[in-house]
Amino acid sequence: MDRAVIDHRGPELPEITLEVVANLRRVFGTEEGRVALWAGSGTGAWEAAVVNTLNPGDRVLAFNNGIFAEKFAEVADKFGIAVDLVDVRWGDAVSPELVASKLKGHAAIQVVHNETSTGVTSDIAGIRRAIDASGQDPLLLVDTVSSLGSMEFCFDDWRVDVALTGSQKGLMLPPGMAICCVSPRALERSKKVTTPRSFYDWGPLLAAMEGGYFPATPPTLEMYGMREALRMLVDEEGLENVYRRHRRLAEGVRHAVEAWDKEFLCHERERMSNSLTAVVCETANTDELLRLSEAHLNLSLGAGLARLKGKVFRIGHLGALNELEVLATLGGVELALDMAGEKVELGSGVAAAQKWFRQDGW
Ligand code: PLP
């Protein structure tokens, strides 16, 4: 990415764009889906998903199982969409059964695949089966901001209509891009949608991207980074290996949390995220824990967000990461917990993760 800025109307860009789009489609798990890419972030991608597929007054089913799910629903609400927001305990997944029980003639369903504020992954394949069993056919809009590139995603098989993400998590880049994968059905629908939209109108964008260009100035240097990140994921390591590595490292972190005798925010083992782990603290204020880990160890942990502020901290384990980095992180967390006055046996989590890595094999 550290290069001279190219002319975004010049001859170099299309080759980069077309390779990026082809590899993004592999990461989304689609042959039919089209990829739209803007300068922006996940929040922009939420807006794009909403304004291109829904009209004011359309009824949408959404689930509040974390701050990002709540904010995604808020975006729809701000555009005049009638959102039925179902409360779910923060720390639980959106279950297929819940979807089945709440779905009643909605135009779309919004779900966050991996809720970053709680470390919980919802079962999109199961949700798809529940929708199918209901005999209804709402659009399925899925936030993959903290899952894409870290966990398997099957856009075509799960018949997702819009999957949205940003560049800064599993795609291992700095912030800067909003990305949507769009099904043929969502594309057709967008042609009839009248919700006012301009920058995030994917119609002109997708038309220009066919030829490798963009209607507005794209983040050109980030495009180089994206090309390289996707080569690393798709060509060099291979997606299956990437997902396996994330499962293995996440399991290492989970073994450490258990050795510390700390509570996971997510209570269902099967639904614990492979990209981050949210841990509940009994005594320490986690804002203070974060301050100490940053100040003394240069270790950046995730805060408890919104109603979880001060009560939860999050360990990220996604992207370019290996066993050694996980062990170092766990060692740092143990020290920070100790500094913050939480009961923890130094070395216990590191040893538990080491034993897991040995048991899992090399
Ligand atoms: N969705 C999820 C699941 C997220 O984790 C985030 C941010 O962390 C967002 C959406 C919002 O994305 P951004 O902060 O890139 O605008």
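User: Helices here are DSSP runs of H or I, at least four residues long and numbered from the N terminus. With that in place, in which loop is Asp-201 found?

Analyst: This is a predicted model. In it, Asp-201 sits in the loop between helix 6 (184–192) and helix 7 (202–210).

User: What does the side chain of Asp-201 reach?

Analyst: It reaches the backbone nitrogen of Gly-203, at 3.0 Å.

User: Switching to the overall layout. How is the chain divided?

Analyst: There are two domains: domain 1 covers 13–237 and domain 2 covers 239–360. The contact between them draws 32 residues from domain 1 and 25 residues from domain 2. Their C-alpha centres are 28 Å apart.

User: How much area do the two domains bury between them?

Analyst: About 2,300 Å², and 58% of that is on carbon and sulfur atoms. On the domain 1 side, Trp-90, Ser-150 and Glu-237 supply 27% of the area buried against domain 2, more than any other three residues.

User: How many salt bridges go across that interface?

Analyst: Two by the rule used. A salt bridge also joins Glu-70 and Arg-307, where the closest N and O atoms are 3.9 Å apart.

User: What about polar contacts between the domains, how many residue pairs?

Analyst: The count is 12 residue pairs, with both residues at pLDDT 80 or more.

User: Which elements of domain 1 supply at least two residues to the side that touches domain 2?

Analyst: Helix 1 (13–28), helix 3 (67–78) and helix 8 (220–237), along with strand 5 (114–115) and strand 6 (120–121). By class, that side of domain 1 has 11 nonpolar, 13 polar and eight charged residues.

User: Back to salt bridges. How many does the rule count in total?

Analyst: The count comes to 23. One of them pairs the side chains of Arg-59 and Asp-84, at 2.7 Å from N to O. That pair links distant parts of the chain, 25 residues apart: Arg-59 belongs to strand 2 (residues 59–64) and Asp-84 to strand 3 (residues 82–87).

User: How many bridges join strand 10 to strand 11?

Analyst: Two, with strand 11 spanning residues 276–280.

User: Which residue of strand 11 is the bridge partner of Glu-263?

Analyst: Val-280 is the partner of Glu-263.

Conventions:
Residues are numbered from 1 along each chain as its sequence is written. This is a predicted model: local features need pLDDT of at least 70, side-chain atom pairs count only at pLDDT 80 or more; totals for chains, interfaces and linings use all residues. Side-chain values use heavy atoms; hydrogens and water are left out. Domain bounds come from an automatic or database domain assignment. Contact means heavy atoms within 4.5 Å. Buried area is the accessible area (1.4 Å probe) that two parts lose on being put together, summed over both. A salt bridge is a side-chain nitrogen of Lys or Arg within 4 Å of a carboxyl oxygen of Asp or Glu. A polar contact is a pair of N or O atoms within 3.5 Å; within protein, one must be able to donate a hydrogen and the other to accept it, and residues adjacent in sequence count only if both atoms are side-chain atoms. Ala, Val, Leu, Ile, Met, Phe, Trp, Tyr, Cys and Pro count as nonpolar, Asp, Glu, Lys and Arg as charged, and the others, Gly among them, as polar. Two strands pair if DSSP finds at least two bridges between them.
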